[in-house]
Amino acid sequence: MPITTEFEYMRPKDMDAALHAFSLYGEKAKALAGGTDLLVHLKENLSLPEMVVDIKALDELGGMALKGDALRIGALVTFSDLIDSLLIKRKFPLLWEAALTVASVGVRNRATLAGNICSAVPSADSVPALALYDAVVLTLSLKGGRRVLISEWFTGPRKTALRPEEIVTALELKLPEKKHAGCYMKLSRYEGEDLAQGGIAALAFSDNTYRVAACALGPKPARCPKTEAALNGNKLSEKLILKAKGIILEEVSPIADIRSSREYRLHMTQIMLGRALEIAVARLSGKGPKYGTENSC
């Protein structure tokens, strides 16, 4: 399908030129990094920008670095970059596991983590892990920079807190202080390129505290604080899992669509939560399956 929308195109060589373009065009400007969503939207006339700003030449938006307990992931880092990174695999394995479930190899080679959160689809596989690692989104405009908590980033389906004159420069993740392990469970129809019908991520800590987040089970991906509160301070058991399964249904609100019924998603939410918790705790003890396995329903 050809692109029929007319727009200006620029490939700035420095950040200042990029920021001036966004300041001038505002909501009529779109950033192009991986382009896996933007190009589709252009072809289907879902996006009608006056200016497309190709940010791939901005070196300051690339790379990953861990300083202390803070990991910086540049806006140009792709999902394949995350998967290939020993730093991500060793220090943030839950994000590494989630990255493996995103679309197909071809898409992961181009799609960026920053683009995933900017698209703000409720089924974004990366977001539960980002939420459990207390991610912060770094934005920049000519007026200065901002730090936006991932919990405040999504304002609705396909809507974010990004201002028209801003671009995302990086994400920061905080490495938990306590020993922990996690699991991301994805409900999908088949192997390969597919959006999540539902997703549950869990982190289990050595002090019997837990973090839980969901995607594709409500208008935006988010943490599940009531479920966490019910789990915290308790050793995982069948009785505790059963209690948590009942509570998480109060925190999700899945829709029915052509891909799945609401009732099926609710049922599988409980299944995914139980499996994610059991695998996370098993990994914490060194007995669970390797990351990247046993993570689909």
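The model is predicted: local features need pLDDT of at least 70, side-chain atom pairs count only at pLDDT 80 or more, and totals for chains, interfaces and linings use all residues. Residues are numbered from 1 along each chain as its sequence is written, and side-chain values use heavy atoms, with hydrogens and water left out.

Salt bridges between domain 2 and domain 3 number four. The term means a side-chain nitrogen of Lys or Arg within 4 Å of a carboxyl oxygen of Asp or Glu. R223 and D134 form a salt bridge through their side chains, at 3.5 Å from N to O.

## The domain 2 side

Helices (H or I, at least four residues) and strands (E, at least two) are DSSP runs, numbered from the N terminus.

By class, this side of domain 2 has 15 nonpolar, five polar and three charged residues. Ala, Val, Leu, Ile, Met, Phe, Trp, Tyr, Cys and Pro count as nonpolar; Asp, Glu, Lys and Arg count as charged; the others, Gly among them, count as polar.

## Extent of the interface

The domain assignment, automatic or from a database, gives domain 1 (8–54), domain 2 (59–174) and domain 3 (181–284). The C-alpha centres of domain 2 and domain 3 are 21 Å apart. Contact (heavy atoms within 4.5 Å) joins 23 residues of domain 2 to 24 residues of domain 3.

About 1,800 Å² is buried between domain 2 and domain 3, and carbon and sulfur atoms give 62% of that area. Buried area is the accessible area (1.4 Å probe) that two parts lose on being put together, summed over both. Within domain 2, P122, P128 and L132 lose the most area to domain 3, together 30% of what that side buries.

## N234

N234 sits in the loop between α10 (225–231) and α11 (238–248). Its side chain reaches the backbone oxygen of N232 at 3.2 Å. Leaving aside neighbours within four places in sequence, N234 contacts N208, Y210 and L240. The C-alpha atoms of N234 and Y210 are separated by 9.3 Å.

Definitions and conventions
A polar contact is a pair of N or O atoms within 3.5 Å; within protein, one must be able to donate a hydrogen and the other to accept it, and residues adjacent in sequence count only if both atoms are side-chain atoms.
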